[in-house]
Every structure is written in structure tokens, then in C-alpha cells.
Amino acid sequence: MRISVSVPPRRTGASRPTGLRPPTGVVPALMIVLLVPLLITFAAARPGLSVAEPVELGTAGAFAVLGASTVTNTGATVLTGDLGVSPGTAITGFPPGTVSGTVHAGDTAAAQAQADLTVAYDDAAAQPSDAVIPTELGGTTVTPGTYTSAAGTFGITGQLTLDAQGDPDAVFIFKTASTLITASAGTVTLVGGARARNVFWLVGSSATLGTGSDLAGTVLALTSITATTGVTVDGRLLARNGAVTLDTGTVTAPAAPAPGPLSISVPAAADLGSVTAGRSGPSNNLGEVTVTDERGASPATWVVTVGSTDFTTGEGTESETIPGELVGYSPGAATRTTGDATFTPGTAGDLGSERVAFSASDGIGNNSATWDPTITVTLPVGVVTGIYTATITHSVA
């Protein structure tokens with residue numbers, strides 16, 4: 001962070017020895033301009049293409065199939081991921097069906113997955129809709145967003161194309177108050193970088209996938225799910241209160257995304273304004289500081305610390321120095337946040353030594369926080385005019 005202090009023209013005939021206070025009666029203006037280079041640069045979060053946000057599945061994300069009362073299978077169904085049921089305990093048809101993950105029949109892992117499924121279902125249900133669209137999705141192309149069925153049901157006859165428009169993180173959420181029904185050989189095709197892990201089907205009753213149909217995305221059904229013969233699902237079948245019925249199909253739970261970075265961005269420059277020598281120092285907002293946590297951690301915690309060097313001009317003599325102890329930092333409240341972590345501003349104080357600027361605690365998964373701190377400079381007695389520079393550093397860990 002640099003402080004630039006420019007000296008406007010003095011009165012005609014006035015002069016001042018370098019490094020000394022101005023003669024009596026001569027009051028040069030002291031302008032302090034705070035420049036803040038981007039000292040720490042990590043991957044910046046790319047803005048989404050729509051209001052839809054990813055639905056955090058918690059431990060339910062590890063399951064290819066999760067039922068509430070029973071899971072019943074016929075034939076050589078192949079599940080990639082975990083298989084579970086809770087509060088029921090009955091899982092039948094494995095073998096001949098196969099499971100690459102772990103089978104949880106009414107155990108604590110299945111119970112926790114059901115609890116997380118409820119949270120995920122409520123999260124998806126609460127997301128605002130971008131548009132109300134017709135029941136029949138076959139033969140259409142849909143871009144990222146959250147969509148609600150006009151008639152309370154969704155059907156797929158033929159091909160539905162989901163186009164992420166080049167954004168691999170684009171999210172698609174389809175909300176139906178009643179049923180989701182795919183016709184025989186109905187398909188969901190992903191283009192433009194769309195990923196099955198970012199597609200969610202919120203079903204207010206039950207879902208039925210027709211013979212040989214091909215679905216992409218995670219089905220979150222309030223009641224039950226039936227996948228008839230030969231169904232392929234690139235996603236998950238998760239039922240909150242009823243049964244899941246399978247028949248010689250394939251369900252592949254999307255791999256969890258690799259953890260992203262914990263990053264911080266700071267403004268490129270800030271102007272603290274101008275003051276007159278001998279008066280109180282400038283005070284202004286620094287500009288937005290943003291932490292983006294894409295690690296998907298549980299709990300989601302981080303701490304940002306901030307410190308400063310002295311502000312100096314010329315050769316940095318005592319009269320040309322504003323020490324860090326005279327530079328105040330007040331984070332203020334967060335201006336924007338995402339995720340469910342608890343975000344806490346640090347206590348306002350001087351930057352004579354490193355201090356906490358902001359922190360996050362609790363919460364699960366990705367989050368972000370933005371704040372606009374206030375920087376206040378107190379001018380020491382004897383300070384001279386000039387261009388002052390320093391570095392203020394934000395670090396996140």
C-alpha cells in the first residue's frame with residue numbers, strides 16, 4: 001500500500017528548508033493519496049451466469065442411491081458411489097446388483113445422509129426461480145438458472161439440452177411441485193461445459209424414469225423414485241420419505257470436485273483525500289477486500305490478518321515518517337457474504353503490529369465475505385509535506 005502526498009504550489013516568495021516544518025504563516029497543503037497494490041493474488045471466483053447456486057448435499061453427496069423406507073433392485077444394476085437407506089433398513093437385490101462404494105442399511109451414516117438431504121432439499125426449494133417454464137422439457141435447450149414448472153410437473157420426451165454457455169460451474173435447478181417423468185429413451189444432454197454435478201431435480205412428490213432413458217443430475221424427491229429397465233443416471237437418486245426402485249440400470253454419482261483455493265483480493269488503489277499540514281489526518285474507505293473460500297471444508301474457517309509498514313517520504317527521516325501506530329484500521333461489518341459460515345470483523349485498531357481484520361467460523365462448504373475497511377491516518381507533530389509510501393498487507397489462512 002502506498003501513500004502519495006503531493007504538495008500544491010506554495011505562496012509566491014515562500015520557501016521551506018527540506019525536512020523542516022514550514023515557516024510561521026506558511027501553511028502548505030498536505031495531500032495524502034493511498035495507493036494499494038494487489039499484493040496477494042489468487043484465483044478469483046468467476047461470477048455465475050444466473051442466480052442459481054450449487055446445492056450443498058453434505059454427506060448425501062457420496063451416495064448414488066439413498067432411500068428412506070426401502071431400496072429394491074432387479075437385475076444387474078451398477079451403482080458407482082454409496083448405497084443407503086434410513087430410517088428403513090431393507091435393501092434387496094444386491095447382488096445381482098453391484099455397488100462400488102459402501103452399503104449403509106439403516107446405520108448412522110445413512111441417517112446423517114438423510115438429514116443432509118433434507119437440508120439440501122430445503123436449500124433448493126428456497127432458491128428463487130428465474131423463470132416458470134412449460135411442463136414438457138423434451139426438444140428444448142435450457143441455459144443456467146432455476147426453473148419452476150408451470151403445471152407443477154416436468155416431463156422429458158426426446159432430448160433436453162442443458163447449455164452451460166462455457167461456464168463449467170453453471171448450475172441448473174428444476175423445481176416441480178409434483179412429479180418428474182421421463183419417457184422411454186428420453187435423454188438429458190450436457191453441452192457448453194455443463195456438468196452433471198451441477199444439475200438438480202427437486203421433485204415435490206415422486207420421480208419415474210422411463211425405460212432406457214438417460215438422465216443427468218441429482219434427483220431430490222420428497223417421496224419415491226422409480227428407475228425402470230435400462231435407465232442410466234449420471235447423478236444421484238435421493239428419496240427423502242419413500243422407496244427407491246431400480247431395474248438393470250446404471251447410476252453414477254459425480255465425483256466430488258477437487259478442493260478449490262482459499263483466496264483474497266484487495267483494491268488496486270484508494271484515495272484518502274487531502275489535508276492541510278498541522279490538521280487532523282485523512283480518513284477514508286480502502287475499498288472492498290474479498291475472501292473466497294472454495295475448499296469445501298467442514299467446518300469452513302479462515303482468518304485474515306492485516307499489517308502495515310511505516311508511511312515514509314524522501315529519505316524517511318523522523319519528520320518524513322508516519323509510523324504504523326498512527327494508521328488506524330476499522331474493518332466494519334461485512335458488505336456481502338455467501339455460505340453459512342459465521343463471519344466476524346476484527347476489532348478496530350492501529351497497524352503498528354499485525355491484527356485480525358476478519359474471520360469465518362463454523363459453516364460447511366464454500367463461502368465468501370467482502371468488507372470495506374476504513375483507513376485513518378493521524379499526522380504526527382513535525383510531519384513534512386511530500387509523497388508518502390507504505391505497504392499494507394492482508395493475508396488469509
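Two strands count as paired if DSSP finds at least two bridges between them. Strands (E, at least two residues) and helices (H or I, at least four) are DSSP runs, numbered from the N terminus.

This is a predicted model, in which local features need pLDDT of at least 70 and side-chain atom pairs count only at pLDDT 80 or more, while totals for chains, interfaces and linings use all residues. Residues are numbered from 1 along each chain as its sequence is written, and side-chain values use heavy atoms, with hydrogens and water left out.

**Stop 1: the four-stranded sheet**

Select E25, E28, E37 and E33. They form an open sheet of 4 strands in the order E25-E28-E37-E33, with antiparallel pairing. Look at the edges: E25 (262–265) and E33 stand there, each with a single partner strand, so one side of each has no neighbour in the sheet. Neighbouring strands of this sheet are turned by 10° against each other on average, direction ignored. Axes here are lines fitted to C-alpha atoms, for helices over the stretch in contact, and angles run from 0 to 180 degrees between N-to-C directions.

Now zoom in on E25 and E28. They pair in the antiparallel sense over 4 bridges. Pick Ile-264: Val-291 in E28 stands opposite.

**Stop 2: the salt bridges**

The structure holds 2 salt bridges. The term means a side-chain nitrogen of Lys or Arg within 4 Å of a carboxyl oxygen of Asp or Glu.

Select Glu-288 and Arg-336. Their closest N and O atoms are 2.9 Å apart. This pair links distant parts of the chain, 48 residues apart: Glu-288 is in the loop between E27 (283–285) and E28 (289–293), and Arg-336 is in E33 (residues 336–338).

How accessible are the two partners? Glu-288 is partly exposed at 38% relative accessibility. Arg-336, at 44%, is also partly exposed. The classes are buried (under 20% relative accessible area), exposed (over 50%) and partly exposed in between, with a 1.4 Å probe and protein chains only.

Move to Arg-295 and Asp-293. Their side chains meet in a salt bridge, 2.8 Å from N to O. Is Asp-293 buried or exposed? Asp-293 is buried, because its relative accessibility is 0%. Arg-295 is partly exposed at 30%.

**Stop 3: a loop residue**

Select Ala-258, in the loop between E24 and E25. Ala-258 counts as exposed, at 68% relative accessibility.

**Stop 4: the partners of E36**

Select E29 (residues 302–308) and E36 (residues 355–361). They pair in the antiparallel sense over 5 bridges. Val-306 has Arg-355 in E36 as its bridge partner.

E34 runs antiparallel to E36, and 4 bridges join them. Here Pro-345 has Phe-358 in E36 as its bridge partner.

**Stop 5: the largest cavity**

The structure holds 2 cavities of 30 Å³ or more. On a 1 Å grid over the protein atoms alone, a cavity is a set of points where a 1.4 Å probe fits but cannot get out; lining residues have an atom within 4 Å of a point. Grid points are joined across faces, edges and corners, and a volume is the space filled by probe spheres set on the points.

The largest cavity has a volume of about 40 Å³. Select its lining: Thr-77, Ala-227, Val-231, Val-233, Leu-246, Asp-247, Gly-249, Thr-250 and Val-251. E23 (244–247) and E24 (250–252) are the elements that give two or more residues to this lining.

Definitions and conventions:
1 Å grid on protein atoms, 1.4 Å probe; cavity = no way out; pocket = protein on both sides within 12 Å on 5 of 7 lines; lining within 4 Å.
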